[in-house]
Amino acid sequence: MESFDFVVIGAGSGGSAAASRLSESGKYSVLLIEPGGKTETFNHRLPLGVANLVRDRRYSWQMKTGPENALGGYDVFSPRGLGLGGSSAINGMIWSVGAAEGWDEWLRLGHEGWGWKDIQPVLQRVESFAEGKPGERGHNGPIHIEWQRPEALGKAFLASCEQAGFQAAIDYNNGQAEGFSPLQTNTRNGWRCSAYTGYLKQAARRSNLVIRTGLYAHRLIMEGRQVTGVRCLFRDGEREGGVLDVRARREVILAAGAYHSPMLLERSGIGDPVILNKHGIKVLHANAHVGANLLDHMRHCICYRVNGALTVNDIATGFTGKARGAADFFLRRRGWLRTASMNAQLITRSGVDGDKADLKLQLNGVSNDFSRHGQLGYPYESQPGLSLLSFPIYPRSRGRIHITGDRPWDHPEIHTGFLEHEYDQAVTVEGFKLARRIGAQPAFSPFLVDETFPGVDVRSDQELLDYARGTGLTVYHPVGTCRMGGEGEGVVDRRLKVHGIDGLRIADASIMPTLPATNTNAPSIIIGERAAEWALQDNGR
């Protein structure tokens with residue numbers, strides 16, 4: 001059996017950061033296990049190429065949630081990244097760390113060491129943001145950050161926010177997120193900078209770091225309550241193609257993501273006894289929080305027909321649009337190709353519950369055809385269009401994820417609980433109203449022809465909520481399925497060690513007790529950094 005000091009399961013945002021930092025000194029041997037492969041295609045590098053990746057089985061887990069009770073029994077398409085970099089290789093690249101109050105909520109919940117002042121130094125270690133203020137932002141980290149450069153529609157959006165009476169956010173990643181601004185993205189000279197690009201490409205040169213792709217973590221190898229290694233499988237279609245056991249002399253770092261981390265725990269006998277007994281798995285450690293407490297963002301759109309400006313619809317559906325988009329990017333490093341279709345945002349207060357800035361509105365250079373509700377995907381409209389999408393930043397609807405079989409590639413049963421909580425319903429309705437308010441400002445009048453979805457006749461709160469139930473889409477931000485909490489209240493402690501199990505830490509979005517930000521890539525990387533830091537401390541550096 002091969003033996004390493006540390007074994008890291010999953011090469012996503014948290015796992016890439018953890019493996020890189022654990023191997024940095026050269027003192028420890030590290031194995032990084034990833035079921036996917038390299039993520040170096042043109043579509044991985046080009047930001048707008050994400051549209052070609054999320055439905056490609058080579059680069060994403062093709063998952064769906066549901067039936068969702070509050071959505072009329074509809075399913076929701078919910079892919080996750082597959083390959084080096086994980087979801088950071090196929091996401092929208094929006095760099096959002098979160099407001100100070102989002103992280104300080106973790107302190108209020110009793111998670112010492114996870115407040116804004118605790119994570120800000122970690123952020124500075126992660127990022128390289130040349131335009132960031134010294135002392136607030138990082139300048140020499142592995143993940144490169146840039147401001148987006150809004151084109152005509154982005155400028156109109158920002159001007160409309162100002163005309164509607166909102167204030168600009170100077171830097172929404174300095175702890176003060178409220179206001180309108182262009183987006184910051186993890187890109188370098190316009191090209192994607194994923195966790196693979198930023199961390200693993202350089203780290204892979206180290207002799208003490210071994211990266212194994214095409215290898216599926218099946219279950220943990222245990223001696224009593226001590227994790228001593230990982231049983232891995234090779235895949236041959238839907239069958240097992242071989243077994244490989246690897247030993248971890250010090251720790252296993254589980255970073256398979258909010259969907260796969262709880263499933264691996266369940267396959268290993270750690271979880272809710274009801275679930276484990278259902279699948280004939282011996283209970284090694286009972287913890288009903290494994291796979292529970294799922295949180296995610298759900299977005300909803302007001303769509304408009306556009307005149308006088310290029311949109312992603314034009315790029316997706318016509319040669320002229322493709323040519324204009326390519327010229328903007330390759331000649332000037334501007335335009336929609338350097339985005340995942342979004343370039344500006346407004347973070348504000350919904351007024352539903354207190355004065356917290358809890359609502360995000362975002363310009364999206366795409367308009368979809370929402371005429372048929374409950375689809376797993378909605379086609380672009382054939383005419384130029386945009387959407388103003390919104391969602392509650394701190395949703396309260398909670399769901400669950402559990403295994404359906406014993407193989408790592410068996411798709412789980414997922415229920416998000418989208419829109420089950422009254423707070424989420426109310427903030428969603430306020431988001432629609434805000435979108436229409438911004439769309440009605442003078443700065444947008446030269447471009448917006450009419451509202452295509454849901455249409456101006458859909459006015460009442462109930463009508464808007466019904467539209468949301470039929471057309472809502474995930475923002476791909478699942479968290480919380482191995483949440484941090486005290487013994488009996490969560491799966492991991494504040495230093496990310498799994499309760500009741502020795503030699504096992506979790507380093508991904510699954511540990512988040514609440515959503516601290518509008519996006520999850522940056523927080524997940526921060527979690528990976530902290531897991532590595534504490535693993536090294538506990539093992540004598």
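Tutor: According to an unreviewed UniProt entry, residues 257-271 carry the feature "domain: Glucose-methanol-choline oxidoreductase N-terminal". In this predicted model, that span is 73% helix and 13% strand, and its end C-alpha atoms lie 16 Å apart.

Student: Where does Ser397 lie, and why is Ser397 called buried?

Tutor: Ser397 lies in the loop between strand S23 (385-392) and strand S24 (400-402). Its relative accessible area is 6%; buried means under 20%, so Ser397 is classed as buried.

Student: What makes the pairing of the Ser397 and Asp424 side chains a polar contact?

Tutor: The two side chains approach to 2.7 Å. The cut-off for a pair of N or O atoms is 3.5 Å, with one able to donate a hydrogen and the other to accept it, and therefore the pair qualifies as a polar contact. The Ser397 side chain also reaches the backbone nitrogen of Glu420, at 3.2 Å.

Student: Which cavity does Ser397 line?

Tutor: Ser397 lines the largest cavity, as do Asp424, Phe418 and Leu419, among others. This cavity holds about 80 Å³ of space. Strand S20 (298-306) and helix H11 (422-439) each supply at least two residues of its lining.

Student: How do you know which residues of that lining are counted as charged?

Tutor: By class, the lining has five nonpolar, four polar and two charged residues. Asp counts as charged, and Asp296 and Asp424 are in the lining, so these are the two charged residues.

Note on methods. Residues are numbered from 1 along each chain as its sequence is written. This is a predicted model: local features need pLDDT of at least 70, side-chain atom pairs count only at pLDDT 80 or more; totals for chains, interfaces and linings use all residues. Side-chain values use heavy atoms; hydrogens and water are left out. Helices (H or I, at least four residues) and strands (E, at least two) are DSSP runs, numbered from the N terminus. Buried means under 20% relative accessible area, exposed over 50%, partly exposed in between (1.4 Å probe, protein chains only). UniProt positions are given in the numbering used here, feature names are shortened, and annotations may be inferred rather than shown by experiment. On a 1 Å grid over the protein atoms alone, a cavity is a set of points where a 1.4 Å probe fits but cannot get out, and a pocket is an open set with protein on both sides within 12 Å along at least five of seven lines; lining residues have an atom within 4 Å of a point. Grid points are joined across faces, edges and corners, and a volume is the space filled by probe spheres set on the points.
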